[in-house]
Amino acid sequence: MIDSHEIAPGVTEHSSADDLVIGTFPNPNLDVAIEQAAAARFVALYSASGKTRCVLTPDVAYSRWRKLIFNACLNSICALTGLDTGRIRLEGDMAETLVRPAMDEIRAAAAAVGVDLSGYVCERVIGAYPVTMYLPPSMLEDVRKGCTCSF
């Protein structure tokens, strides 16, 4: 996760340090100790400058699903509605009727593969930024710039 924004064409403002969570996914063809050592070495290398926050987690699946709560829900809904993270919370009951149900779907998908994301995760994601920050997530930034993706 990197807090950076293009403030002018070709000019990127990097507002805070990277926040990176690293872990291993089990691979039956590799020794677990070798996987863990490689992940730990990467964390040490990435963190060496002291300008990033990089942590090794034993449960990377949880971290990936937790990130989806933001990207698959809040980020994409902000892009579709044209509302930033503050305005979507201020716009009637949109957070409760649109954002939270989408988050609950991600929680259910995670649970289906054995990853427990408590409802508290949704609260933290929705309230991660002060309302008055009016933060446009990356997908909304792309929409505002006229970027379109086709797959």
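## Surroundings of D84

Apart from neighbours within four places in sequence, D84 is in contact with C78, Y134, L135, P136, P137, L140 and R144. The model described here is a predicted one. D84 sits in the loop that joins α2 (60-81) to α3 (85-90). Its relative accessibility is 2%, so D84 counts as buried, the cut-off for that class being under 20%.

Two polar partners of the D84 side chain can be named. One is the backbone nitrogen of G86, reached at 3.0 Å. The other is the side chain of R87, with which D84 makes a polar contact at 2.3 Å.

## Y134

Y134, one of the residues in contact with D84, is placed in the loop between α5 and α6. The relative accessible area of Y134 is 31%, so this residue is partly exposed; that class lies between 20% and 50%.

The backbone of Y134 has a positive phi of about 50°, although the residue is not a glycine. Most residues other than glycine have a negative phi.

## Helix α2

Helix α2 contains 22 residues, which at 1.5 Å a residue should span 32 Å. After α2 comes G82, with a positive phi near 80°.

The buried residues of α2 are V60, I69, F70, C73, L74, N75, S76, I77, C78 and A79. One of them, C78, is also among the contacts of D84. The cover over the buried residues of α2 includes the strand β3 (19-22) and the helices α3, α4 (94-112), α5 (119-126) and α6 (138-144).

## Nonpolar core

The largest nonpolar core has 20 residues, and those touching the most other members are I69, L74, I88, V99, M103, L117 and V125. At least two residues of this core come from each of α2, α4 and α5. The largest share is that of α2, with 6 residues.

L117, listed among those core residues, is in contact with Y62, W65, R66, I69, R107 and A110 when neighbours within four places in sequence are left aside. I69 is itself one of the core residues that touch the most other members.

A111 belongs to helix α4. With a relative accessibility of 48%, A111 counts as partly exposed, since exposed residues have over 50%. A111 is 46 residues from W65 in sequence, and their C-alpha atoms are 9.8 Å apart in space. W65 is also one of the residues in contact with L117.

## Annotated region and whole chain

An unreviewed UniProt entry places the feature "domain: Ketopantoate reductase C-terminal" at residues 60-146. Over these residues the chain is 71% helix and 0% strand, with 34 Å between the end C-alpha atoms.

The protein chain as a whole has 6 helices and 4 strands. Along the sequence they follow the pattern β-β-β-α-β-α-α-α-α-α. The C-alpha trace spans about 50 × 40 × 35 Å along its principal axes. Of the 151 residues in the chain, 28% are buried. Among contacts with a separation of 6 or more, 59% are between residues 24 or more positions apart.

Methods
Residues are numbered from 1 along each chain as its sequence is written. This is a predicted model: local features need pLDDT of at least 70, side-chain atom pairs count only at pLDDT 80 or more; totals for chains, interfaces and linings use all residues. Side-chain values use heavy atoms; hydrogens and water are left out. Buried means under 20% relative accessible area, exposed over 50%, partly exposed in between (1.4 Å probe, protein chains only). A polar contact is a pair of N or O atoms within 3.5 Å; within protein, one must be able to donate a hydrogen and the other to accept it, and residues adjacent in sequence count only if both atoms are side-chain atoms. Contact means heavy atoms within 4.5 Å. The expected span of a helix is 1.5 Å times one less than its number of residues. UniProt positions are given in the numbering used here, feature names are shortened, and annotations may be inferred rather than shown by experiment. A nonpolar core is a set of buried Ala, Val, Leu, Ile, Met, Phe, Trp, Tyr and Cys residues joined through side-chain atoms within 4.5 Å.
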